[in-house]
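Trainee: Please take me through this model one question at a time, giving the cut-off behind each term when it first comes up.

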Amino acid sequence: MIKIIHKLSHILFTSLGGKIFMSVFAGFGILSFATSLVRYDYAYKLVNEARQKAEMAEQGWKGHPLSRDVVFKDFPNLRGAGYVENLFDGRKTIENVEWVRPICSIIDAPDTLAVFSRFEEGRGSRKGYLNIYTGEVVLPDTYKHAWNFKNGNHAVVCMDNDSLYVIDRSGKFKSKGFKSSNQLRFGFVFNDGLCIMENNDGKFGLINPYGEWSLHPEYDWITRNPRTGVYKVLKDGLFGVIDSDLSEILPTKFKDIDFNEPLNDPNIERNWYYKVGYWVENADGTRGYHDENGKLISTSPYSELRPLEYNWHQDKSGELHQTTSDYIAYRTGQKWGLMSRRGQIITEPLYDWLRALDSDRFEATLDKDVKIIIDSTGKEIH
């Protein structure tokens with residue numbers, strides 16, 4: 001038996017015919033093994049897709065309407081399982097979507113383009129732009145980070161080299177790469193051709209669509225009022241205001257600045273408190289009122305004035321609403337008092353805090369934890 005095995009081995013491994021036979025045999029073996037791997041991968045893919053579909057069916061999706069005919073369907077517990085669907089023709093226009101960021105319609109008019117993020121294994125997350133009215137991709141998801149156009153012609157994107165660039169609506173680069181100390185600290189959005197930007201030293205300024213500094217980065221913070229379009233700037237602990245033409249409305253010398261904004265309610269009387277302008281707090285704690293051009297209208301001995309609002313609630317879209325009373329809380333030092341909207345003092349500054357319960361009842365806090373109810377004449381009623 002041993003001689004037979006030895007002779008067979010000699011024929012298989014030394015003779016030409018044996019070598020050919022063994023090569024063919026080995027080739028079939030490798031092919032069979034590779035085929036089994038492919039079948040395994042295919043079976044794993046099928047099982048994984050079935051599991052994902054089952055999980056998607058079990059938890060259901062959350063719909064985020066982008067327009068009348070387009071919706072983003074999100075599966076929060078399954079990364080990259082969301083998709084954009086055109087409800088008009090039932091097509092999935094973009095798959096593997098993590099999130100979509102359209103412009104906030106509460107303050108801003110919605111833009112045609114919205115940023116979307118797609119996730120793919122091996123590539124990670126990449127951002128692009130879609131049309132909210134068709135659901136179709138306008139600019140492919142090639143960016144590391146991206147921000148909205150916001151009805152302008154330029155947007156800021158971040159590439160893999162961590163440099164920031166300005167692009168136009170065709171995706172063409174309008175600026176050379178520049179750096180910022182923290183790309184994700186806030187949203188880089190252009191308004192009237194200007195974008196708040198932080199440099200590598202942590203200082204803030206405004207850039208133009210070519211990535212050039214229109215306002216030199218010398219401020220510790222800049223924020224834009226979305227309704228009036230002016231910028232509140234902070235430098236060395238003091239605040240000022242500049243407009244979109246970069247003209248100074250108020251110098252940077254105030255401890256704080258509050259914006260007064262116009263109201264759209266035609267039933268509310270337009271008096272001194274509701275005019276567009278700025279309440280400022282001076283270094284000594286007193287306040288003044290400046291009109292929209294920065295002219296000082298009046299001074300005030302009060303450290304702070306605050307409208308008293310009540311009936312806070314959210315509507316079905318999540319927008320917050322409240323009713324403004326005819327009374328204002330004023331602060332002198334650390335204590336609060338009640339005055340009418342026309343400036344008539346109702347109570348002395350006796351309270352640690354005041355809040356409105358309804359149109360003519362207010363909760364007043366004494367000694368930090370004792371609460372009483374007073375009416376619009378200042379009389380305690382509970």
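Mentor: Contact means heavy atoms within 4.5 Å. Residues are numbered from 1 along each chain as its sequence is written, and side-chain values use heavy atoms, with hydrogens and water left out.

Trainee: Leaving aside its neighbours within four places in sequence, with which residues is phenylalanine 72 in contact?

Mentor: Phenylalanine 72 lies in strand S2, residues 70-74 (helices, H or I of at least four residues, and strands, E of at least two, are DSSP runs numbered from the N terminus). Its relative accessible area is 3%, so phenylalanine 72 is buried (under 20% relative accessible area, with exposed over 50% and partly exposed in between, for a 1.4 Å probe and protein chains only). Beyond its neighbours within four places in sequence, its contacts are Lys62, Gly63, His64, Leu66, Gly82, Tyr83, Val84, Val97, Glu98, Trp99 and Val100.

Trainee: How far apart are the C-alpha atoms of leucine 113 and asparagine 148?

Mentor: Leucine 113 is part of strand S5, which covers residues 113-120, and with 6% relative accessibility it counts as buried. Outside four places in sequence, its contacts include Tyr129, Leu130, Val138, Asn148 and Phe149. Although leucine 113 and asparagine 148 are 35 residues apart along the chain, their C-alpha atoms are separated by 7.4 Å.

Trainee: Which residues have the most contacts inside the largest nonpolar core?

Mentor: A nonpolar core is a set of buried Ala, Val, Leu, Ile, Met, Phe, Trp, Tyr and Cys residues joined through side-chain atoms within 4.5 Å. The largest one has 13 residues, and those with the most contacts inside it are Leu308, Leu338, Tyr351, Leu354, Phe362 and Ile374.

Trainee: Which strands supply at least two residues of this core each?

Mentor: Nonpolar side chains in soluble globular proteins tend to be buried together. In the present core, the strands that each supply at least two residues are S23 (304-314), S24 (320-332), S25 (335-340), S26 (353-356), S27 (361-366) and S28 (370-375).

Trainee: Why is the pair of tyrosine 327 and phenylalanine 362 given its class of ring geometry?

Mentor: Rings of Phe, Tyr and Trp (its six-membered ring) pair if their centres lie within 6.5 Å, and planes under 30 degrees apart count as stacked, over 60 as edge-to-face and the rest as tilted; the count by this rule is nine aromatic pairs. Tyrosine 327, in strand S24, and phenylalanine 362, in strand S27, are 35 residues apart, and both are buried. Because their ring centres are 5.5 Å apart and their planes stand at 75°, the pair is edge-to-face.

Trainee: How far from the ring centre of tryptophan 336 is the charged end of arginine 306?

Mentor: A charge sits over a ring if NZ of Lys or CZ of Arg is within 6 Å of the ring centre and within 35 degrees of the ring normal. By that rule the charged end of arginine 101 sits over the ring of tryptophan 99, at 4.4 Å from its centre. For arginine 306 over tryptophan 336, the distance is 4.8 Å.

Trainee: Which element of the chain has the lowest mean pLDDT?

Mentor: Across the chain the pLDDT averages 81, and 77% of the residues score at least 70. Residues 54-59 stay under 50, and residues 263-274 are also below 50; where pLDDT is low, the predicted coordinates should not be read in detail. Strand S7 (residues 137-143) has the highest mean, 97, and the lowest, 52, belongs to helix H2.

Definitions and conventions:
This is a predicted model: local features need pLDDT of at least 70, side-chain atom pairs count only at pLDDT 80 or more; totals for chains, interfaces and linings use all residues. pLDDT is the predictor's confidence in each residue, from 0 to 100.
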